[in-house]
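Hi,

Here is the structure I promised to pass on.

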Amino acid sequence: MQQADIIIENARILTMDRGLSRASAIALKDGLILAVGNRDAVAGLKGSGTRLLDAGGATVLPGFIDSHIHIFPGGAQLKSLNLAGLSGFDAIAEAVRKRAAQEPKTRVLIAEQAGYFMFGDDQPITRQLLDRVLPDRPLALFASDHHTMWANTAALEAAGVLHGCEMPPGNEVVMGPDGLATGELREFEGFAPITDLTPTGGREMLGLVGHEPKTSPTEAQRAIDRDILRDGVAYCASLGITSFHNMDGNFYQLELLQDIDRADGLPVRARMPFRMLPDRPLSDLEKAVEMRSRWNSDRLRADFVKIFMDGVVESTTAHMFEDYVGMQGVRGSSFFDQPEF
């Protein structure tokens, strides 16, 4: 008879099994379930080395698998100002100004979880509006879906995009009739000039566009980035997430997670894709093959490809309700003018 590593008793176990939907005890070994039922059902699996846990009547669930996550940017943004639930100019301005006072040396203040209509249904978010919120320092608001960013004039100037910038198809620095940027930045390449101003130099965002760092990060920079990822995976584990499918990926991010796994052991299982974008040649899929061969462990795998072909409805970068044939993208470039598509 096998001996369990862990036995949890006095629990409200939700098994998700129609044949036995509720139980009070469970025995585990090597991360696998040996038995589930009542105390008597697991008693024979108890040994001298078994760890006994009294759940005190708490609920025990199967681990959650998050099917869409961005662990590197998400980890970096855990410490950012969170605007979730705020609406109206006064509430937003108060939160931003309070954080700005707490971080006087931050080069660009970035806030998360901004709503497309958080200032009102009839009030578009423009650089002029954000200038009123924070007039003398770079400020940028990330939409909750992270497909759009809004920046004030100081941030646009610091990023060098106030007068516009050529972008790959599907990405855009939105321009106004005055020939200057409105403040709306669409998709990952559109707001990359802003995130490049952050302390990490935007390294946490590179997986979203499938890029690697332009220059090899120093060991000090890698240590910073590993700490960001440690925060991200620890946060997932704290919420009961045992596995996640990351929806961005590059070699650099995988190397950092592998470092963490070797040093500490990842507290969650991570599955990473190769990021395939419309302007990439099919030959790039060889990189996906390399990723799969290098990372194929129980805790870290890179065995699928994410193909991103469109934006989101809110920013009008998505055209899923229209005919793609002949669709024109940013600055006259077709979204799907590559021969492989």
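Which residue forms a salt bridge with Arg-99? The partner is Glu-103, with the closest N and O atoms 3.2 Å apart. By salt bridge I mean a side-chain nitrogen of Lys or Arg within 4 Å of a carboxyl oxygen of Asp or Glu. Arg-99 is buried at 16% relative accessible area, while Glu-103 is partly exposed at 24% (buried is under 20% relative accessible area, exposed over 50%, partly exposed in between; 1.4 Å probe, protein chains only).

Before you read on: this is a predicted model, where local features need pLDDT of at least 70 and side-chain atom pairs count only at pLDDT 80 or more, while totals for chains, interfaces and linings use all residues. Residues are numbered from 1 along each chain as its sequence is written, and side-chain values use heavy atoms, leaving out hydrogens and water.

The whole structure has 22 salt bridges. Another one pairs Lys-287 with Asp-284, at 4.0 Å between the closest N and O atoms. Here Asp-284 is buried at 13%, and Lys-287 is partly exposed at 40%. There is also a salt-bridge network linking Glu-219, Arg-222, Arg-226, Glu-255, Asp-259, Glu-290 and Arg-294.

Now the inside. The largest nonpolar core has 26 residues, and Ile-71, Phe-244 and Leu-300 have the most contacts within it (such a core is a set of buried Ala, Val, Leu, Ile, Met, Phe, Trp, Tyr and Cys residues joined through side-chain atoms within 4.5 Å). Beyond its neighbours within four places in sequence, Ile-71 is in contact (heavy atoms within 4.5 Å) with residues including Leu-229, Phe-244 and Met-272.

Cheers
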